[in-house]
Amino acid sequence: MTQRRRTSKKAKAKRHFGRRAFLTGAGVAACAAAGWYLRQKSDADHTAASGQDTPPAPNPALPAGEWRAVWVSYLDWALLDFSTADTFRAGAAQLLDNCAGLGLNTVLAQVRPFGDALYRSSLFPWSHLCTGVQGKDPGFDPLDVFLTEAHRRGIGVEAWVNPYRLRSSAAMPPNLAENNLANTHPDWLCTAGEGLYLNPAVPAAADYVVQGVAELLQNYPVDGIHFDDYFYPTTDAAVDAVQFAASGAADLAAWRRQNVTALVAKVYRTVKAADPTLRFGISPQGNPDNDLDQQYSDVTAWLAAGGEEKVIDYLCPQVYWGYGFTLHSGSTRFAFENIVPAWLSYPRAGDVALYFGLGAYRVGTGDGGANPDSVSGWSTGSALAAQVEDLRQQAAGGWALYRYGSLFGAEAPALAEAECAALRALNG
């Protein structure tokens with residue numbers, strides 16, 4: 001299982017002290033990250049070599065068996081009753097019972113969706129999901145409750161953090177607290193459409209994200225930290241033109257990728273300084289071209305970097321397409337049967353895992369492909385189970401379902417129960 005075992009009071013005290021102590025050294029870990037990008041090519045060449053005499057040591061952060069996860073997003077939190085600790089606990093318990101019934105061992109819980117927090121934080125305001133008003137204390141700690149209930153059921157919880165996003169539109173979240181970074185540090189921001197984001201080119205903003213991760217790890221027994229695919233929000237050269245000009249760099253895209261990688265490396269080192277058995281993973285888009293050229297996340301380099309140069313424990317690309325998926329151009333590059341082997345073919349360090357995100361939200365509605373079975377292929381009642389079976393045959397390390405509400409609750413389609421039954425049969 002992915003959850004950490006309960007430890008004695010003495011061991012807990014020792015680990016708690018370690019988490020406090022590592023905060024003072026976080027700057028050292030951050031500085032060490034700066035050299036990663038310059039050394040990544042030689043490391044990738046080394047780890048891609050096939051004639052190693054000694055296999056890499058097992059990664060203590062990775063589960064011994066299959067990683068079986070589900071994303072619980074802010075959309076799912078919105079369906080729970082936060083009015084009291086007891087009502088929230090009841091809803092969380094039902095959610096987690098449903099996850100356990102599917103044979104899942106990990107929940108990716110979105111605890112900081114908009115520069116806010118579903119936990120008690122000195123760095124970020126309370127999420128509006130708790131009370132309807134960002135910054136208002138709900139009177140209890142939702143993450144503490146959720147962790148207690150999850151670990152009681154043997155389910156691990158990775159804290160899913162959106163590092164840069166403060167607002168996705170003018171209405172989400174509906175209000176920003178006085179201590180939201182949009183108000184306290186407007187010099188750290190950039191915009192994309194109606195969205196508001198921390199500028200990845202501002203080092204102070206990145207350092208604040210790292211401090212937020214450190215605070216989470218110090219105060220809560222989460223089993224890891226999880227990022228999704230929100231990195232650079234736009235390709236517009238204007239958003240970081242001042243910083244780019246000051247950098248002296250010649251290649252904007254390469255420089256942006258370096259900015260993102262520097263943050264990823266700092267977070268990884270902060271996680272490991274807290275506890276080497278905690279994991280840090282990222283779920284990028286399933287299209288590696290978009291990752292590299294639109295969001296400036298150097299995912300293939302992250303996969304290949306191991307040993308001292310490692311920056312992630314796992315990657316979980318979002319392969320939200322069905323079998324036979326066809327673009328209007330006629331390309332089938334992203335059909336499930338093609339994109340999974342493509343990801344698996346990338347050079348990968350021996351202590352880095354590769355999982356796959358599956359689109360539960362596609363059930364009954366289809367994936368928008370130009371192929372005639374774009375909808376019917378997702379209407380069999382066993383579309384997700386078929387993909388899981390395929391991943392197992394290809395020796396993928398695990399999978400995650402996006403998202404919880406697409407399989408359970410009022411918003412789930414009629415086919416969801418059949419999909420759940422097929423998954424239960426697979427997972428015993």
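Visitor: Which residue in E6 is the bridge partner of arginine 167?

Guide: Leucine 196 is the bridge partner of arginine 167. Keep in mind that this model is predicted.

Visitor: How many bridges join E4 and E6, and in what sense do they pair?

Guide: Strand E4, residues 165-167, pairs with E6 over 2 bridges, in the antiparallel sense.

Visitor: What sits between E5 and E6?

Guide: A turn of 2 residues, making E5 and E6 a hairpin. Glycine 193 in that turn has a positive phi of about 60 degrees.

Visitor: In what order do the strands of that sheet come?

Guide: The order is E4-E6-E5, an open sheet of 3 strands with antiparallel pairing.

Visitor: Why is one side of E4 and of E5 left without a neighbour in the sheet?

Guide: E4 and E5 stand at the edges and each has a single partner strand, so one side of each lacks a neighbour in the sheet. Neighbouring strands here are turned by 35 degrees against each other on average, direction ignored.

Visitor: Which way do the E6 residues point, and are they buried or exposed?

Guide: E6 spans residues 195-198. Gly195 and Tyr197 point one way, Leu196 and Leu198 the other, and all are buried. In a regular strand, side chains alternate between the two faces of the sheet.

Visitor: New topic. What is the strand order in the sheet of 9 strands?

Guide: That open sheet runs E10-E9-E8-E7-E3-E2-E1-E12-E11, with parallel pairing. Its edge strands are E10 (353-354) and E11 (356-359), each pairing on one side only.

Visitor: Which strands does helix H7 touch?

Guide: H7, residues 142-152, packs on this sheet and touches E2 (106-112) and E3 (156-161). The direction of H7 makes about 150 degrees with that of E3.

Visitor: How many bridges join E7 to E8?

Guide: 4 bridges join E7 (residues 224-227) to E8 (residues 279-282), and the two run parallel. Isoleucine 225 stands opposite phenylalanine 280 in E8.

Visitor: Now H15. Which residues are buried, and what do they pack against?

Guide: H15 spans residues 383-393, and its buried residues include Ala383, Leu384, Val388 and Leu391. The buried residues of H15 pack against H14 (336-344), E11, E12 (398-402) and H16 (416-427).

Visitor: What is the phi of alanine 395, after H15?

Guide: Alanine 395 has a positive phi, near 60 degrees.

Terms used:
Residues numbered from 1 in each chain as written. Predicted model: local features only at pLDDT ≥ 70, side-chain atom pairs only at ≥ 80, totals over all residues. Heavy atoms only, no water. Buried < 20%, exposed > 50% of the residue type's maximum accessible area, 1.4 Å probe, protein only. Pairing = 2+ DSSP bridges. Contact = heavy atoms within 4.5 Å. Axes fitted to C-alpha atoms, helices over the stretch in contact; angles between N-to-C directions.
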